[in-house]
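Visitor: Please give me a close look at one part, the interface. Then set it against the rest of the model.

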Amino acid sequence: MIERDARPRLASKARIRLDKQTGQQVLLYPEKGLVLNSTGAKILSLCTGERRFEEILAALRGDYTEGPVEELEAHVESFLRSLEQRGLVEGLSA
Amino acid sequence: MSDAPRLYTLIAELTYRCPLRCPYCSNPVDYQKRKSELSTEDWVRVLTEAEALGALSVNLTGGEPLLRDDLEAIVAAGKRLDLYLNLITSGQPLRRERLERLKELGLAAVQVSIQDTDREASDRIAGTRAYDQKLEAARWVKELDLPLTLNVVLHRENLDRTAAIIELAERLGADRLELANTQYLGWALENREALLPSRAQIEQARAVARAAKERLSGRMELLFVLPDYYADRPKACMNGWGERYLLVSPEGKALPCHLAHTLPGLEFENVKDRPLAEIWRDSPAMRAFRGDEWMSPTCRSCDRRSIDFGGCRCQAFHVTGDARATDPVCSLSPDHGVVLAARARAESAGERLVQLRYRGGTRPVT
């Protein structure tokens, strides 16, 4: 579980930009890039290092009216953990 | 032809000048004959045109890119285009203040090469005293909170120190470690006898790297690039000719890879003469090995042709004399015997000394 008071942020090696050829956001880091879907891009735009994880979830809930809240939380957690595994997201512990 | 592949990465070789003289350098063996370098304005235009073609990242490399006084201006231009700017450097000549300034201007990441963990061995390969300065530069990268990639080219002299190299990368706090076995082209092909390791060396180093990769997961990305002389199938060189990468050489030639200009019969166009988009899309040399029509019967009948694209064109030419041949590292290649013979010699080489041929002369200056 990501702690509610954690303040996730992008690692310094990661940068997000618009790929003008596809209209999608991409996460760039040394020698690689990941295409973000709109949900992923939205989540990462909230990971500023200032917002608490609790606040990030609250901000996302507004956009997701379908399905239970737990499902959204699990989805956000696994997304952030997978990026943490690649060293692209930091601050998942409070 | 109206459709061109999507460009992702521009490799900007800003200069062939370099304080190091490594005997496996990817620069042309006749680099000293090539004097004229693109201007700042030329490079700003190249970055702009590459970004318009789809490029998201730029490797600023050389030679030693720090020898360009206008590196700051080039970085600033790249930042305005929102390009991910990766500086690939030997770490010298560099002052901390300059690195700090480059970061402020928009540099995103730094790759420092070291030659070995042993100072003497490292300086012997570099052909100059460079080791301490390299480590200092790597420390500055981390102090300035820039991501650090450490790149070490592996060969028979340093392969047995793979564990120590990984330890050094950990101590420096590297975000990424590239353990790249020498590719036997250009200078390295001239020095193949001295550099090619034995299979036992490779297997042991690979096992060490594999264990470390697991242990360091999430902290350091570890990449071990097998020398293709010991693989049964070729690498997807550059992810295909003119498919994702474009290299612009110091004098402005637009190339699909570092050594494409060594292939006969191909006229590579200069970015000063024609818009980059046209060169990328239409130039006969850039199209020469796209798709599979050019392929040898061995490749064209093989299911892997869309995975490895027949391997490396430069390796095919420099080993077999035919740039369209199947990469001879492939065990299906009719020329594979050349690779097997080189392997056999590496097994029997023992302690035999082979003289290295250095950039700029045969002897190191240390």
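Guide: One definition comes first. Helices here are DSSP runs of H or I with at least four residues, and strands are runs of E with at least two, numbered from the N terminus. The model is predicted.

Start with a pair in chain A. Glu84(A) and Arg81(A) both sit in helix α3 of chain A. They are 3 residues apart, about one turn of the helix. Their side chains form a salt bridge, with N to O at 3.0 Å. Over all chains, the structure holds 37 salt bridges.

Now turn to the interface. Chain A brings 17 residues to the contact, and chain B brings 28. The area buried between chain A and chain B is about 1,700 Å². Carbon and sulfur atoms give 41% of that area. On the chain A side, the residues that lose the most area to chain B are Arg15(A), Arg17(A) and Glu31(A). Together they make up 35% of what that side buries.

Next come the polar links. The rule finds 4 salt bridges across the interface of chain A and chain B. One salt bridge joins Lys32(A) to Glu221(B), whose closest N and O atoms are 2.4 Å apart. Between chain A and chain B, 14 residue pairs are in polar contact, both residues being at pLDDT 80 or more. Three elements of chain A each give two or more residues to the side that touches chain B: β2 (15-19), β3 (24-29) and α3 (69-85). The Glu84(A) and Arg81(A) pair also lies in α3 of chain A. By class, the side of chain A that touches chain B has 8 charged, 5 polar and 4 nonpolar residues.

Glu31(A) lies in the loop between β3 and β4 (32-36) of chain A. Its phi is near 70 degrees, a positive value in a residue other than glycine. Most residues other than glycine have a negative phi, and most peptide bonds are trans.

Chain B has backbone exceptions of another kind. The peptide bond from Gly62(B) to Gly63(B) is cis, with omega near 15 degrees. Gly63(B) belongs to the loop between β2 (57-61) and α2 (71-80) of chain B. The bond from Gln92(B) to Pro93(B) is also cis, with omega near 0 degrees. Pro93(B) falls in the loop between β3 (84-89) and α3 (96-105) of chain B.

The rule counts 3 cavities of 30 Å³ or more. The largest cavity holds about 80 Å³. Its lining includes Cys299(B), Cys302(B), Cys330(B), Arg304(B), Arg305(B) and Asp308(B). In chain B, α12 (297-300) and α13 (305-308) each supply at least two lining residues. That lining has 5 nonpolar, 3 polar and 3 charged residues.

The second largest cavity holds about 50 Å³. Arg192(B), Glu193(B), Leu196(B), Ala342(B), Arg345(B) and Ala346(B) line it. α15(B) gives the most, with 3 residues. This lining divides into 3 nonpolar and 3 charged residues, with no polar ones.

Terms used:
Residues are numbered from 1 along each chain as its sequence is written. Chains are lettered from A and ligands numbered from 1 in the order in which they are written. Side-chain values use heavy atoms; hydrogens and water are left out. Contact means heavy atoms within 4.5 Å. Buried area is the accessible area (1.4 Å probe) that two parts lose on being put together, summed over both. A polar contact is a pair of N or O atoms within 3.5 Å; within protein, one must be able to donate a hydrogen and the other to accept it, and residues adjacent in sequence count only if both atoms are side-chain atoms. Ala, Val, Leu, Ile, Met, Phe, Trp, Tyr, Cys and Pro count as nonpolar, Asp, Glu, Lys and Arg as charged, and the others, Gly among them, as polar. On a 1 Å grid over the protein atoms alone, a cavity is a set of points where a 1.4 Å probe fits but cannot get out, and a pocket is an open set with protein on both sides within 12 Å along at least five of seven lines; lining residues have an atom within 4 Å of a point. Grid points are joined across faces, edges and corners, and a volume is the space filled by probe spheres set on the points.
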